[in-house]
Amino acid sequence: MNSDTAIAEAAVKPAALAQRTTNGAARARALQALQQQAVATTSVIEYHSQGHLVIIGPAAEAAPLAEQLVEQLATIAIVDPDPAAQRPTLDDRIPFLHAEVDRIEGHLGDFQIVLRDRGNQTLALKSLLGRNWPQLDMVLDLSTQPYFDAQISPPGYFATRGDNNKLASYLVVIPELVGEFEKPRYFKYNPDICVHARNQMTACSRCIDACPTLAIRSIGEQVEVDPYLCQGGGSCAAVCPSGAMQYVYPALGNTLDRMRQLLKDYHQAKGQLARVVFFEEANSNTVYQQLAAVEENLIPISVEELGALDLAVLLNTLTYGAQQVIVVLGPDTPLRIRDTLQQQQALTTHFLQGLGYSRERVVITSAEGLSILPAEIENELPVATYAGFDDKRTMIHLALEHLYHHASLQPEILELPEGAPFGEIRVDAQRCTLCMACTGACPTGSLLAGNESPQLKFIEEHCVQCGLCEQTCPENAISRQQRYLCDTERRRGRRLLYEEAPFHCISCGKPFATRRVIENIQNKLEGHWMFDNDRAMRRLQMCEDCRINDMWDEQGS
């Protein structure tokens, strides 16, 4: 996971991609044209490695590797977790430590390793090594249980898990990781529309749960991404309900515009029934071998990681002219990315079936599964011509509006499964006091207060069903319902959820609350020693200014 997770330049491989038919020739022309399209750039993240390697493992395995690598790398330290192991005879340049590793953090060029001694005391490895070790650049972990829980290890950390084949490949790579290295900054985060938390209440942790590198953590009402741990999985942006977490290498709009042009080129070259096949770049050889023996309307698109294929990409690939989207999992696709893909496919299929389209429009399979996919798919859908934008929810709405317009079923409302980021808010009129705590908690602006009267309004298109309003409401008056309102005008319009006549100050007549708020306050304070007289209770029916004036008048008298 070290480069672009969006559409990559898919090189045509003549040996694997035949051109026996018109579809095959159209596919070749479209893929060749794709290579000429620019990919949006982003800033870079830099790593600096001086070649300091720490080998963790039994002495019998670690010592020979240290001797093997000491001529290629500046220095090597060995940390042996078995204090009873006999100290081997090593090159004087190789520090050797008997200690148990407590934890490892960091990344290429900046690892922190904490050891635990026999007295159960912890200390940093750097403090033992002294000034000759200004940084720990790489870690070769020979233990069967790695010290990182992430499904994808950080750059510079190599865990063999007892696999000698992995060890052999690592020994080729490790000596090359000396110097300065760059990778794209894959993400952009907008905390203003993040629905992670408000008022010490947590509503959404989807990006944290989906990240296979554990690069995202909560910092109160926002999240924080460690750009050095992030390796471009894209699953964080895929599951983000509001679009606060965005993929920027390239941005969504650029990705979709390239897909739109690819399919346009395919159809202009007389290609029919286009079926787009997304697959990992690392899995390309296997996929191309399978594509050589199947229908030539399957257009292969190599992506560095599949996690960026979210609802917006899947739906808009269909509206831009693909009759089917096929996602090919690789043997090493991390579990969290697999789960994210399945969630996105399930929600996409739910929308499609609700509009009368086949569930086979979006398929997840293996490379071997390409040869057994049904060849028959639905008739071609009219192609959308709108451009791509960087706003994920806008692109989802545009795609659904296009699909709805051409659908065999056109329901007013599509009921959605739990967890879907679309829906309405319902208010219990018997409970709501119009305190407006919900409007203060809503991060997307879907809940609004009335301008000059006690009203609660709602814009359904903005709602991501995060639940912050429901958690915040002190009267338990709010509930949510996942659904999709197909009528664009109604979905975008302001809807009145609840209103009350204003309560007017009994002294000056200014409206300042609702009658239910005043009644609730009076009921809760009844019998309190500070409000055991009529004058104190009457102040509760006054606006702030008149209440203060009355208190001064009482003291003066």
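Glu424 stands opposite Gln481 in strand S25. The model is predicted. Strand S25, residues 478–485, is joined to S22 by five bridges, and the two run antiparallel.

**Sheet**

- S21, S25 and S22 form an open sheet of three strands in the order S21-S25-S22.
- The pairing in this sheet is antiparallel.
- Strand S21 covers residues 413–415 and strand S22 covers residues 423–427.
- S21 and S22 are the edge strands, each pairing on one side only.
- On average, neighbouring strands of the sheet are turned by 50° against each other, with direction ignored.

- Cys240 is in no disulfide.
- For Cys240, the nearest cysteine sulfur belongs to Cys204 and is 6.6 Å away.
- Cys240 is buried, and its relative accessible area is 9%.
- For Cys546, the closest cysteine sulfur is that of Cys543, at 3.6 Å.
- That separation of 3.6 Å is too far for a bond, because a disulfide requires cysteine sulfur atoms within 2.5 Å.
- Cys546 is also buried, with a relative accessible area of 12%, since buried means under 20%.

Definitions and conventions: Residues numbered from 1 in each chain as written. Predicted model: local features only at pLDDT ≥ 70, side-chain atom pairs only at ≥ 80, totals over all residues. Heavy atoms only, no water. Pairing = 2+ DSSP bridges. Helix = DSSP H or I, 4+ residues; strand = E, 2+ residues; numbered from the N terminus. Axes fitted to C-alpha atoms, helices over the stretch in contact; angles between N-to-C directions. Buried < 20%, exposed > 50% of the residue type's maximum accessible area, 1.4 Å probe, protein only.
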